[in-house]
Amino acid sequence: MKKMLLSLIGLISISLLVAAEQNKSAFAEQNKSSVSEANQLAESQEPNTTPEKPKFGKLVVDIFDTYTNKPTSARVRLFNYNLTFHKPECRLRIGGKDLDVYFKTDGKTEELFYSPSHFEMELPTGAYNLLVEKGFEYYPCDKDFHILADQTTPVKIELVRWVDMAKEGWLSGDYHNHFDRTAPGSSAEILEILKAEDLKIAYSLVSQIGGQLREVQPKFGKASMDSNDSYYIISGEEFTHDKLGHMAFIDIPKLIEPVGTGARRRTDTKADFPINYLVAEKAKEAGGTVFACHGGAGEFPVDLALGVIDGIEVLQGSKWLRVSDSGKQLLLTPSWYHALNCGFKLPGVAASDYAYLTHKVVNLESNYVYVGDKLTPEAWLDGLKKGRAFMVKGPMMLNFTVNGKMMGETVKLDKPNQEVELKISLRERFPFQQLQIIRNGMIIRDFSNKDRRSNFEYTEKIPVRRSCWFVVRAMSFDPSNPVRGPFFVHSNPIYIDVGGKPTLVAESAIYWLDRIDELIDWANRDAIFDKPEDRKQTLEIYNKAKAFYENLLTQCP
Ligand SMILES: [Zn+2]
């Protein structure tokens, strides 16, 4: 089973970059002709000059949202024919500080900036390309233009929506970002960036390294909420331990301390205590929500078994998250699937972790949560915890139902060997390359899209023998821009309970027992505790979780 999971899960990482490499020179070619045109223009104006200072002209850009009929901020890429990036002085900043905004793949960097709806700048004469984007629900707008000496070049950008998910009851949000909200006016600046990305809800998390808090938040939870025009920013916390894992605390009324443990995170003590479970318990007691960050590392199986985990990050940094098992095998999304295989109804969540990953784009990944007509952050978080959501990176909108039940819900069957009806609907801007239906971690349908259909509607009746869960995932690609990497979408599970029993797969219970044995070894040998009773308490907690999975194992079919 473990081997099968490995191979099936590995399939998602098909080699897309190869095809796209062939397209990389398209822009350069296109721009060569623009360059010669520009040179001709320049020559016709200035026939007798030798050698001369570079000449400049003025660019004036106005960005307009055709959907709202209003000017709008956006994400912008501006470069000239030799692929030199340019940024205007009036780009959006937070608290006077510039943001890093770029995609980076295989050593190639694509620099971007967040722009207000209007900007002007002086540019050297020549040919340019301007790409303006606004989240996943708008078509990008791409324009070539020339800057001529001492002349003004106006460029009007009209952004067109291809889908309005909020109108259909789906709100986009990312609870895992790191912005400094302490500077005066910074909330308004962040909200303008969220608007530029059309990301409706974002949380900003404080974290700690070397005894220092990073991205300090002025308040927490509801008291920290600021909004503008249906965009929201709220503060939370990311607790970190280098081995036991990171956890996002959302909806906490105050900072939960300690914010980090272990030698790298603190200076007052090197102790690996309190362990994650004890800190997560404090966050839960304070009314908070706890998401296991970065794929569920370290202590995740313990915290899951003991009931302090509300969801797990599985899509991040433009890829399915890998978890290193003590430096051994790297797997794709295994923790989540193994958790589901142990009967947990646990949502998977996407999190861009801006700005601590290779790609630095706000709204790199997002969670679309079904909220109906309640377009509020409270409804978004409630839906996210219930798994009424899909995770996405890129312009792919997924819906998935089983017997009419939506993602996060349970289909109850009173007896085995019945059929359930799966319905999948995928809308997207680029034809999907692969779409898979997965049951209990196994790929049961695998569609490659050779005829490059750009939308997918699918219905199938599938027999069910015992309790299980289904998910759907797909990937696509923008061949004109390999630096951006593949696009992903992943549903949350729909659970099938047969005869009231949970899904149980013995291999997954064994998987977690192995991980907990490693943790117990670590607590006995390597972990640093200030007091012997801290080690004792840690081992009691780990052994309690171990007993939980041992008990599950006895119930497995
Ligand atoms: Zn983070």
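Modeller: W469 stands opposite Y495 in strand 35. Residues are numbered from 1 along each chain as its sequence is written. What you see is a predicted model, in which local features need pLDDT of at least 70 and side-chain atom pairs count only at pLDDT 80 or more, whereas totals for chains, interfaces and linings use all residues.

The protein chain holds 10 helices and 35 strands, these being DSSP runs (H or I of at least four residues for helices, E of at least two for strands) numbered from the N terminus. Two strands are said to pair if DSSP finds at least two bridges between them. Strand 33 and strand 35 run antiparallel and are joined by three bridges, while strand 28 (residues 410-413) runs parallel to strand 35 and is joined to it by four; on that side, L413 has V498 as its bridge partner in strand 35. Strands of a sheet pair through backbone hydrogen bonds, in either a parallel or an antiparallel sense.

Strand 35 (residues 494-498) is largely enclosed by the rest of the structure, because four of its five residues are buried. A residue counts as buried with 20 or more other C-beta atoms within 10 Å of its own, as exposed with 12 or fewer, and as partly exposed in between, the C-beta atoms being placed from the backbone. By that criterion, 46% of the 557 residues in the protein chain are buried.

A nonpolar core is a set of buried Ala, Val, Leu, Ile, Met, Phe, Trp, Tyr and Cys residues joined through C-beta atoms within 7 Å. The largest such core has 142 residues, of which M247, F249, F291, I312, V369, V392 and F470 touch the most other members. Strand 33 (residues 468-476) supplies the largest share of this core, namely seven residues. Contact here requires two C-beta atoms, placed from the backbone, to lie within 7 Å. With neighbours within four places in sequence left aside, the contacts of F291 include M247, I312 and V349.

Further along the sequence, N341 provides another point of reference. N341 sits in the loop between helix 7 (334-340) and strand 23 (348-350), and it is buried because 27 other C-beta atoms lie within 10 Å. Its C-alpha is 5.3 Å from that of L504, although the two residues are 163 apart in sequence. Not counting residues up to four places away, N341 touches N440, G441, T503, V505 and S508. Across the protein chain, 73% of the contacts between residues at least 6 apart in sequence join residues at least 24 apart.

The axes of helix 9 (residues 506-525) and helix 10 (residues 532-555) come within 9 Å and cross at roughly 165°, where axes are lines fitted to C-alpha atoms, for helices over the stretch in contact, and angles run from 0 to 180 degrees between N-to-C directions. Helix 9 is therefore roughly antiparallel to helix 10, given that angles over 145 degrees count as roughly antiparallel, under 35 as roughly parallel, 65 to 115 as roughly perpendicular and the rest as oblique. Residues of helix 9 including A506, L513 and I520 meet residues of helix 10, among them L539, Y542 and L553.
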